[in-house]
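Subject: Structure handover

Hi,

Here is the structure I promised to pass on to you.

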Amino acid sequence: MSGTHLGSCLCGAVKFEIEGDFERFFLCHCQRCRKGTGSAHASNLFSSTAVLTWLSGENKIHTYRIPGARHSKSFCTECGGALARQAADGSMVVVPAGSLDTPVDLRPVGHIYCEDRANWDDCLHDLPEFNRLPD
């Protein structure tokens, strides 16, 4: 999956572009991702080389970072829609797959933080499972 990818929030006020390749795509079941998405898991694409560019609405972006943790979530202050974000240490771009407006040709490679999976979650049994982010 290379090239240019476009994304936006739910209301369309914030638009972004990702230039580059996604290296990994995980479904994360940690409690923080479940709280942040209100769902069984977050569906995030990761890239250590892609460039994130804001095309519009940058003044409507808020990033919440949990103190003392690596976890963060960027969202539109108008609609709450999840947005791409640069890791706090600058090491990678994290993109909620559902925020992309262009097709995603990459299939998730696995479930991570499965030990935190909600008891009501029916998992996708054909994907490998990991207790934490694999190396």
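The chain exposes about 7500 Å², and carbon and sulfur atoms supply 48% of that area; accessible areas come from the Shrake-Rupley method with a 1.4 Å probe, and for residues only the protein chains shown count as cover. Of the 135 residues, 39% are buried (under 20% relative accessible area; exposed is over 50%, and partly exposed lies in between).

Some bookkeeping before the details. This is a predicted model, in which local features need pLDDT of at least 70, side-chain atom pairs count only at pLDDT 80 or more, and totals for chains, interfaces and linings use all residues. Residues are numbered from 1 along each chain as its sequence is written, and side-chain values use heavy atoms, with hydrogens and water left out. The average pLDDT of the chain is 90, and 96% of the residues score at least 70 (pLDDT is the predictor's confidence in each residue, from 0 to 100).

Overall shape: the C-alpha trace spans about 40 × 30 × 25 Å along its principal axes. A compact globule of 135 residues would have a radius of gyration near 14 Å, and the chain agrees with its 14 Å (taken over C-alpha atoms; the globule rule is 2.2 Å times the number of residues to the power 0.38).

The chain holds one helix and eleven strands (DSSP runs numbered from the N terminus: helices are H or I with at least four residues, strands E with at least two). Their order from the N terminus is β-β-β-α-β-β-β-β-β-β-β-β. Among these elements, strand 2 has the highest mean pLDDT (97) and helix 1 (residues 31-37) the lowest (91).

Now the pairing. Strand 1 (residues 4-8) and strand 2 run antiparallel and are joined by five bridges (two strands pair if DSSP finds at least two bridges between them). T4 faces E19 of strand 2. Six residues separate the two strands in this hairpin, where G12 takes a positive phi near 85°.

Further along, strands 6-7-8 form an open sheet in that order, with antiparallel pairing. Its edges are strand 6 (61-65) and strand 8 (82-83), each pairing on one side only. Strand 6 meets strand 7 (residues 72-76) over five bridges, with I61 opposite C76 and H62 opposite F75. These two strands also make a hairpin with six residues between them, and G68 in the turn has a positive phi of about 75°.

Which residues have the most contacts inside the largest nonpolar core? They are F16, I18, L45, L83 and V95, in a core of 17 residues (a set of buried Ala, Val, Leu, Ile, Met, Phe, Trp, Tyr and Cys residues joined through side-chain atoms within 4.5 Å). Strand 2 (15-19) and strand 10 (93-96) each supply at least two residues of this core. A second, separate core of ten residues includes F26, C33, A42 and I112.

Beyond four places in sequence, V95 touches partners including F16, I18, F22 and L100 (contact means heavy atoms within 4.5 Å).

Lastly, F25 sits in strand 3 (residues 24-28) and counts as buried because its relative accessible area is 7%. Leaving aside neighbours within four places, its contacts include S43, L45, V104 and P108.

Happy browsing!

Terms used
Buried < 20%, exposed > 50% of the residue type's maximum accessible area, 1.4 Å probe, protein only.
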